[in-house]
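Here are some notes for a first reading of this entry. Please keep the structure open while going through the points.

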Amino acid sequence: MPSFHTKTIEQILDPVAQQVSVLVVLHEASEDGSAMPDLSGQISAVNAAVQNLVKVGRDTTNSSKDAVLKQDMPPALVKVEAASNGLLEASVMLREDPYSMPGRKTLIDGARGILGGTAQLLLVFDQAEVRKILRRCQGVLDYICVAEVIEVMGDLVTFVKNLTPGMTGMANMVSARAKELTFQVHRELLEKHLDSVKNTVPLLVSAIKITMTTISQGGQGLAEAKENRNYVIRKMSYDIREIMRVLQLTTYDEDDWAMDDLTVLKKAQDNITNQMARATEWLTDPNAAPGGISESALRQILADAKKVADRVNEPYAGRIKQAVEDLTELTDKLADLRANGQGNTPEALQLSHAINAKLNALQKLVDDAVQDAVKNGTGKPANTLTGKMDQAQAWLANPSINDKGVGRKAIEGLVAEGRRVAQNLSGPEKRELEQLCNDVDSLYKQLDALIRKGQGNSPEAQAIRQQLAKKLQQLQQKIEKALANQVVDSFMDPTGPLAQLDRAAKAPADAPNRQQTYESKAHIFLKHSKQMTDTAHAVAEAGSCPDKKIVGELNATANEVAEMTPQVVNAGKILLMLPENAAAAENFDILSGQYRSKVEILTGLVDEATDPLEFIKASEESIKKDSEGVANAIRQKNPQNIIVGGGNIARKANRIVTVANKEADNSEDPEFVNNVQDATGQLGKSTTDTVVAAKAISMNPADGTAQNNWFKSNGQVLVSVAYISSSPSTCLPSPCSSVTSRTCPRSCRGPSTPSRSPARGAPSRLRSSSCSSASTVFMSVARSPSAATSPTITGPWPSATSATPPWPQPGSGPHLHLAGAWPYVWPRC
């Protein structure tokens, strides 16, 4: 069945499409010599419905002021009437001769003509409705620019009074349109940008007020206020333009990103072929108004041709892109001439003739490019890190195959992504990743040189291929680990620096060093925000997320956060200058609130695009490093480092809880959900205990009881994290009745093959196990070897007291320390 972009068109045309399908089936069945049944009754009913449709269409055309509708509707009505008359003619022919082949052909052509004509008629009317919404959007878009010249309260009152009905009308029309659309992506985009416009209106009013305030108070902070205001206008204008763009979309290739290139190319080629006749109609009619469905067909051809150019080989790609650019420029000129009533001028007629010739040449060029791609492949690397890795390994396994350079480009892409990720790293991790990229690049160039000499299968080349394959695997693992570490560090406390900036901006007017404190906090805030957005872009570009929608939203949200960040600083600076001004406080609160919301969205998208197990493992390693730092600070009696390290541990543990619970929410496996909830609950409790103990130690570094409490609770934090990040071969635990007995029967332990939990929405990515009776013994936090009460575990598992503890032994008497943090998995007895 065809896909229709609105529910109304779908409801009208779907039954017609089904009837056409029935007629096609009857026609095919009668080709074996059977007589066609008498369809005169059904055809008469169809003809009556068509006549009613034509009458409504003509009445609409006569009463409408839309010039494009008046132009496009009559041809559609003529097409439907002609098809209906063909059905009547076929009915008469088949009634006289049920075996008539011309009658059958006329019947099928008439039925298809009614379907196509009705679809065209409905599309004309639908586009007229869209143009009504576009005019309302354009009116709002033009009016909000008035905000740039408002400097007195009276003008602001008038502005808000005039803007409110226009904004309300636009919101109602766009919201109703969103509900009418059948493509979910289009609905979500309209709703997203409409919500953004609604949320920005209070910010716009606030920005205008604070600009007026700074003007009235001598200009202090005026530059920052104007920058705030202009940012809000730009943001609102962008959202409205995006609404206007999405309103005009009638198709959506939702799976283009996941499709193979040849499928996308053939689909685009078919679209171009189907749109050529309608585009030619627009070009050959000098009186055709711009903006109609015929011009839209021409624009769609250019869009599909560009899609082809993005996926084919040279020289076709460059030629098609150049042809699209030339045609776009010429079409814009012709549309402008016709819009000004100059469609019959020599210049316009010459333009339309030139465009028609170039359009036919473009179609042939696309056909040749697609044929070449079918014959020789497309030579384009995959979008994801995993896809590039597969292409590279396939080429290394057989470098003699002609893959149009896909394998080479995939290796080059992996190296480029590795170096891009390394730019955001530091220390040994940065050097290791850069060295690995250099090693891969060097081996690749050596292999390429041997292949060019005809020695691709020599022993030397085979040895290099083996080394390169291993290095590529290491590179992929390094990139994934580096990205996970970046996510852990960058999103440990997404809104913490904002809270510090908020406190600095709202400091009392008599507070000492207010300006210096604010500048310091602003620097931290800007640096942290850039770190988050850089990491988000890295995850989108070099990560392994296969979902185009998530990757797109990730990049878009990161850009929004980056644009909003300096405006939050400006708003805070204005509040710092005008601490008693209500408008300044309101402006800062609105901006910081929107920033906080965007950062929360960005954090969720980063979590969606990052493998949860990699994230939790990276968090575990980071928590261990922080734990060592706190232990050293306890030994050195350094309260500041104890607080900083303890806070970092708590933030990272809380992020693990959030990610793990999100995965549990997506699972329908009750055992998996319960195990994760138990583990995160224990982790949350242990984290709280750790924070309390760290605060107590910072107040009294010699407090042995507080030290023991910290080591105990921190050990439980590490064990809980290890519990959550357990490997697929490790059963998720539940309490065992005997934690120290080695005689607990292992026969009750079920198989521990990993399984993926079915999903309510997306499948849970934390790997659960089918083992139903496993348990973890938290023995990694054990008594000191010198303590008389030290428990000892014997058997096949490592002893909790066998490893040298990384912790100091502060204070006197027995104290608790961490001894390896192994998750001991035993069956329930």
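In which kind of crossing, left-handed or right-handed, does α9 pass α10?

1. The crossing of α9 past α10 is left-handed. The model is a predicted one, and the values below are computed from it.

2. Helix α9 covers residues 293-309 and helix α10 residues 316-339; the two pack at an angle of about 160°, and their axes are 9 Å apart. Angles over 145 degrees count as roughly antiparallel, and α9 and α10 are therefore roughly antiparallel to each other.

3. On the α9 side the contact includes Leu298, Leu302, Ala305 and Ala309. Among the α10 residues they meet as a group are Ile320, Val324, Leu327 and Thr331.

4. Arg338 lies over the face of Trp282, 4.5 Å from the ring centre.

5. Four aromatic pairs are found when the whole structure is searched. One of them is Tyr143 with Phe159, a stacked pair with 5.2 Å centre to centre and 15° between the planes. Tyr143 belongs to helix α4 (residues 101-144) and Phe159 to helix α5 (residues 153-180), so the pair ties together parts 16 residues apart in sequence.

6. Within that pair, Phe159 counts as buried, at 1% relative accessibility. Tyr143 has 22% and counts as partly exposed.

7. Helix α16 (residues 496-505) is mostly covered, with seven of its 10 residues buried. These are Gly496, Pro497, Leu498, Leu501, Asp502, Ala504 and Ala505. They pack against α17 (514-542), α18 (548-577) and α19 (582-609).

Note on methods
Residues numbered from 1 in each chain as written. Predicted model: local features only at pLDDT ≥ 70, side-chain atom pairs only at ≥ 80, totals over all residues. Heavy atoms only, no water. Buried < 20%, exposed > 50% of the residue type's maximum accessible area, 1.4 Å probe, protein only. Helix = DSSP H or I, 4+ residues; strand = E, 2+ residues; numbered from the N terminus. Contact = heavy atoms within 4.5 Å. Phe/Tyr/Trp six-rings, centres within 6.5 Å; stacked < 30°, edge-to-face > 60°. Lys NZ or Arg CZ within 6 Å of the ring centre and 35° of its normal. Axes fitted to C-alpha atoms, helices over the stretch in contact; angles between N-to-C directions. Parallel < 35°, antiparallel > 145°, perpendicular 65-115°, else oblique. Left-handed = near helix turned anticlockwise from the far one by under 90°.
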